[in-house]
Every structure is written in structure tokens, then in C-alpha cells.
Amino acid sequence: MKLYNTVSRKMEDFTPLSDKGGNNTSIIAQNVKKVNRNGGSGADLTDENRSEVKIYTCGPTVYNYQHIGNYAAYVYWDLLVRTLISNNWRVKRIINLTDVGHLASDADEGEDKLEKGAKREGKTVWEIAKIYSDDFLQNFADLNLVPPVKFARATDYIKENIDLVEKLRAKGYVYETSDGIYYDTSKFARYPDFAKLNLAQMQAGARVDFNPEKRNLSDFAVWKFVREGEDHAMQWEYMGRAGYPGWHIECSSIIHAELGEPIDIHTGGVDHIPVHHTNEIAQSTAAYDSELARFWIHCNFITVNNEKMSKSLRNVYNLHDLKEKGFMPLDFKMWVLQGHYQTLRNFTFEDLGGAKSRRLKWRNRVARCYQGEDISSDDDLIGRIKAALDNNLNSAEALAMIDNTKNISLTEWEKIDQMLGLDLIKSAPDLTKKVAKKIADREQARLEKNFKKSDEIRDALARNGIGILDGVEKTIWQYLE
Ligand code: AMP
Ligand code: ZN
């Protein structure tokens, strides 16, 4: 399998780190079961001898609804997870939920986003975190994304954060200022490498009012103190003062606690490269004397009508907005899979309509398989799809292969569902049984020239989104939406 690794800025062959020792027996079977539920290939997933792939995904800050740009990222990484599974590797993945410490500005300034959300809605920060975590988890399920072994809440790792800060302190990487504990990036020689930063140029172009207590512009807070008069509801005591963790530290300490360095793959958005991921690398490498991740994979942004999504342009859409306009989360997933994670993508409702039609067409192809048209493609379609996905997740090519293949059997559709997670089969077997009875009743009514009854049966089905197609030899059903 090939992936574009931000570390080398090149396409590289991916193999799990655990392949090296050849000993993969330590993998936790119960975690695999969860992956299995949604995406896995069933029986072969319980095979203890397969290599494990450790993945970490920087998750949402749960202070508001996630927008479609955010969800596009989770769809791309779902494709990554499914492709790893189809390579017979076991996926051990953690996604964090940032419920504290993410400040409005990347420069450790501005208000904590959770506190901001709480004020906006007149609720407590804990209520805000719950509302938007729940919404995220519901959407995650609606998009049929393979669940990680754990959604790790930042506030459950405060002790681990402090342990990490202590480690950095003992090794001389951090210093104290009046408002927090900062990482001295000049002590980590590799600091500019990952994002290819030109620190001298950044320093020269810095705002004059940047925090004067910081030794270097790129230094960042690993722990913040609650200032006199500051209204910060989430706080913990450390060094005899009230405070809360910095944003970057949560990812480093969750990875350390849940996965252990080095992990195989770390994912995020391209905007994470210069600050958030650079800082994660600096902290973890300095504290644990280990590489943090072997592969770093970054996805590009989604624009709407060729403009950046922003509140002032009123073009920030979430999945609820799409539903109101008649699009299911899985229609959106199809739209995402039509493009590539490294491409800057432009979203339009017209294209979303195209994706919805494509998904409907495929669901009806599955429905026809259940009604007797179960013919195999005869040309290793599944092998070709896998090869496309193994090639840096080229789902657009895989989708075109499906469109261009006349016959696809049920067994093949099942594999396609495992690889892409579009839930194409879901209701087809049940409906085939239920609707067959209605079709028979309708035939009978027509034989008896009871056209009123025959029309009633057809109309009742249509109200439930099922259409009836009378063919020369037989009548079949299809989804109308
Ligand atoms: P935010 O909640 O705006 O801080 O966004 C969280 C993360 O979502 C960012 O760090 C990005 O990686 C990603 N993101 C934000 N906006 C977009 C977008 N328009 N398209 C894709 N990803 C985005
Ligand atoms: Zn992170």
C-alpha cells in the first residue's frame, strides 16, 4: 500500500511497524471486534497473527457543530482505515475529543473555544462538551465510519498531561512565564524540519505585541495558568496554581497513554502541519526519546462555491443543513469519496446531487441482485478496486470502476460495502421479502381487474420510497430515494 507521507513529502510504501519484529500476538482482540462491527471483513479479523497498525487522528474541538469540511476529513480517514483492514492488518485507532484548552488563536492567545461556546449558549462548558460530542458521535455513526477503539476525551487525561509536562521540565525543555509553562523550541534542533519552517523569517515578520515573556516566537504553552479575574471554568491544580492543559499536549499524552510511540500513522488537516503537529512532535520526541509517528497523512480543505467556509459568507454547512436540503450523510460520504484527500475540493449542492444519484443507482443495482440479477463481474473487480485504494487511497478511480462494470454480484457488493462503507446493502434483503408480498398482492388485484386496489398498493409503496417497475417477464421494486 502506498501513502503520501508528509515527513518525506513523497509517496512511500506503507507496512506496519509491528511487521518488523514478526511478533504481533500482543494485539487486543476485544478492540478489533469494535472495528469489525462496521467495517471489517468478518472472520479473518479475529486472526491473531496479523500485524497491528496504530493510528491517531486529531479529533474535533467540541464547542460547536462540526462542518462538512471537518467531516470530509473523517471520511478520508475512514477510507484509510478500511483500506488497511482490506490489507488484512488490524487497526488500533484513537480519536481524541478536545474538550479543553483549544484557544481561539494558534499563538496560545484568545479565549478557550469551550468557554466561548458556553458563553454563547448560556450553558456550562461541560454541557457544551456533552452536546457537541454527542452530535459528533451521532454523525460519525450516520456516516458509517469504522469506530476507533476509543474516543479519548482530553479532560480524562489531565494527570497524563501533567506527567508529560513534568518530564519536559526534568529534561529542561520548558520554562515558566506569568501565564503558563512554555516549550522552548530552540532546545529542539529539529523543530523547523517537519513543516520546513523558516524561523528567522517568522521572527522578523512577527507581530510587535507578541507575548514578550516568550523566548522564541514558535514557543508554545504546554500548560496555562488561570489569570487573575479570568473566567475559565475548567481548571486543575498544578504547581500550586489553577490551570489547564495546552491544546497540543493532549494529543502527545493521549498517544503515549493509549498507543505508545512510535505509532504507524498520524492524521490531520494540512493546517496542522506548521503548528499543532510540529508541536506534538517536539513534545513527544523530547519527552519519550522516540519518533512519534512513522507516517503523517494530511488532508486538504473543502471550499464552498470556491470560497473559504466562513460565518460571514454564510456558507458554513453542517450535516444537519444537508439533511434539511434532502441529503443524507451517506450522500455526502459518496461526494467525499469522489475526490482525493490531498486535493483542495470545492463543494456545490449540484455535485452533492450527483453523488446522491450515484448512490441511489448503486443501491438499486444491489436491490436487483436480491431480485435475481446476481451475476459476478468475472474480471476481478474487487482486486482492481483494492489496487486503486492501495494507491494512496484513489477512491475516485475505484468508483469509476464500479460504474463501468456491468455485472456485479452480491458477494462483490458486500466487499464494496466493506471497502467504502456506503451502506449499499443495508435494507435490501428485508425489503425484498416484504415488497415481494405486496407485488404478489398487486398482481392478484390486477388479474381480478381490481385496478383501484392495485394502484393503492403501488401508491402506498411509493409513499415509503419504493417504486414498482413492470417488466416484460416480471415486476421488480426499486428505491425512489
Ligand atoms: P476548526 O473547528 O475550525 O478549528 O477546525 C478543526 C479542524 O478541521 C482544522 O484544524 C482543520 O484541519 C479542519 N478544517 C477546518 N476547516 C476546514 C475546511 N474548510 N475543510 C477541511 N477541513 C477543515
Ligand atoms: Zn492533535
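This is a predicted model: local features need pLDDT of at least 70, side-chain atom pairs count only at pLDDT 80 or more; totals for chains, interfaces and linings use all residues.
What angles do the four donor atoms make at the zinc ion (ligand 2), and is the site irregular or tetrahedral? The angles run from 83 to 129 degrees, and the site counts as irregular.

**The zinc ion (ligand 2)**
- The protein holds out four donors here: Cys58 and Cys251 through SG, His276 through NE2, and Glu280 through OE.
- These donors lie 2.0 to 2.2 Å from the zinc ion.
- Along the sequence, the donor residues follow the spacing C-x192-C-x24-H-x3-E.
- Cys251 sits in helix α7 (residues 247–258) and Glu280 in helix α8 (residues 273–288), so this pair ties together parts that are 29 residues apart in sequence.
- Cys251 is buried, with 1% relative accessible area, and Glu280 is buried too, at 0%.

**Around ligand 1**
- The residues around ligand 1 include Tyr63, Asn70, Lys113, Asp271, Phe301 and Met309.
- His67 is also on that list, and an N or O atom of its side chain is 3.4 Å from a nitrogen atom of ligand 1.
- Ile302 uses its backbone instead: one of its backbone N or O atoms lies 2.8 Å from a nitrogen atom of ligand 1.
- On its own, ligand 1 would expose 480 Å², and the protein buries 79% of that.

Technical notes
Residues are numbered from 1 along each chain as its sequence is written. Chains are lettered from A and ligands numbered from 1 in the order in which they are written. Side-chain values use heavy atoms; hydrogens and water are left out. Donors are N, O and S atoms within 2.8 Å of the metal (3.2 Å for Na, K and Ca); water is not among the atoms, so sites may look incomplete. Four donors count as tetrahedral if all angles lie between 85 and 135 degrees; four count as square planar and six as octahedral if opposite donors are over 155 degrees apart and all others between 65 and 115; anything else is irregular. Helices (H or I, at least four residues) and strands (E, at least two) are DSSP runs, numbered from the N terminus. Buried means under 20% relative accessible area, exposed over 50%, partly exposed in between (1.4 Å probe, protein chains only). A residue is near a molecule or strand if one of its heavy atoms lies within 4 Å of it. A polar contact is a pair of N or O atoms within 3.5 Å; within protein, one must be able to donate a hydrogen and the other to accept it, and residues adjacent in sequence count only if both atoms are side-chain atoms. Accessible areas come from the Shrake-Rupley method with a 1.4 Å probe; for residues, only the protein chains shown count as cover.
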